[in-house]
Amino acid sequence: NHNLRFNYTGNTSQPTVNQLQPLRNNNNVFNQYIGNPDLKPSFSNSINISHNSYNFIKDRWMYQSFNIRQTSNAITNNVIFKPGSAETTIQPINTNGNYSINLWSGVGFKMKKLDTRININPNFNYSRFADVINSITSYSKNLSAGLSIYLSKSKDKKYDISLSNDFSYNSNKTSQQRSSINYYVNTVSADVTIY
């Protein structure tokens, strides 16, 4: 039994009246906001492909889901710091280069000799977004990749036992700094129920 789906979504995001209004809001002298009448609507494209299957005879299932999203003319704030002063001016502008990629997948089956079920789930996420400071555009890049393994064994009216391990790698990097932030997360959990 197989199921394959393809989905495309396109949508616009209109700038608000405050973002278009070319008047300076100086209620707070240290944080002033000024609109931008030249703002364009942003447009996002999103594509998703997913597949899942189940083999009744082998008692095996699997799924995959891939998604990519891209935004043109994304509305981003340009944060301007005045040299030698605590004054900050914020103005919305259009930027390009924003996108994200996601992959989720999994497979599950039963090891008949051990009478144990096993699920394996790899995943991958990557995103790139524009930040603008003092009219200079930099890009923030985020990466997350992981693998989880789940084992379970049960006997009717006697016990349920499960063991899982979830590992992930995370990375964050900006084009303004050469160094990146990297870290690992590993979570182990076990659960036993006796009837």
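Analyst: Quick definition before we dig in: rings of Phe, Tyr and Trp make an aromatic pair if their centres lie within 6.5 Å. Keep in mind that this model is predicted.

User: Okay, which residues form one aromatic cluster?
Analyst: Rings are grouped here by how their centres sit, with 6.5 Å as the cut-off for a pair. The cluster is made of Phe167, Tyr169 and Tyr184.

User: Are the rings of Tyr99 and Tyr126 stacked, tilted or edge-to-face?
Analyst: Their centres are 6.1 Å apart, and the planes sit at 40°. Stacked needs under 30 degrees and edge-to-face needs over 60, with the rest in between. So this pair is tilted.

User: How many residues apart are Tyr99 and Tyr126?
Analyst: Tyr99 belongs to strand β8 (residues 98-111), while Tyr126 belongs to strand β9 (residues 116-133). The pair links distant parts of the chain, and the gap is 27 residues.

User: What about Phe167 and Tyr184: what is the angle between the planes?
Analyst: These two rings are 5.9 Å centre to centre. The pair is stacked, and the angle is 25°.

User: Which strands hold Phe167 and Tyr184?
Analyst: The pair ties together parts that are 17 residues apart in sequence. Phe167 is within residues 159-174 and Tyr184 within residues 180-194, so the strands are β11 and β12.

User: Is Tyr184 buried or exposed?
Analyst: Over 50% relative accessible area is the cut-off for exposed. Phe167, at 34%, is partly exposed. Tyr184 has 58% relative accessibility, so it counts as exposed.

User: What box do the C-alpha atoms fill?
Analyst: The box is taken along the principal axes. Its dimensions are roughly 70 × 35 × 35 Å.

User: What share of the 195 residues is buried?
Analyst: Buried means under 20% relative accessible area. For this chain, the buried share is 25%.

Conventions: Residues are numbered from 1 along each chain as its sequence is written. This is a predicted model: local features need pLDDT of at least 70, side-chain atom pairs count only at pLDDT 80 or more; totals for chains, interfaces and linings use all residues. Side-chain values use heavy atoms; hydrogens and water are left out. Buried means under 20% relative accessible area, exposed over 50%, partly exposed in between (1.4 Å probe, protein chains only). Rings of Phe, Tyr and Trp (its six-membered ring) pair if their centres lie within 6.5 Å; planes under 30 degrees apart count as stacked, over 60 as edge-to-face and the rest as tilted. Helices (H or I, at least four residues) and strands (E, at least two) are DSSP runs, numbered from the N terminus.
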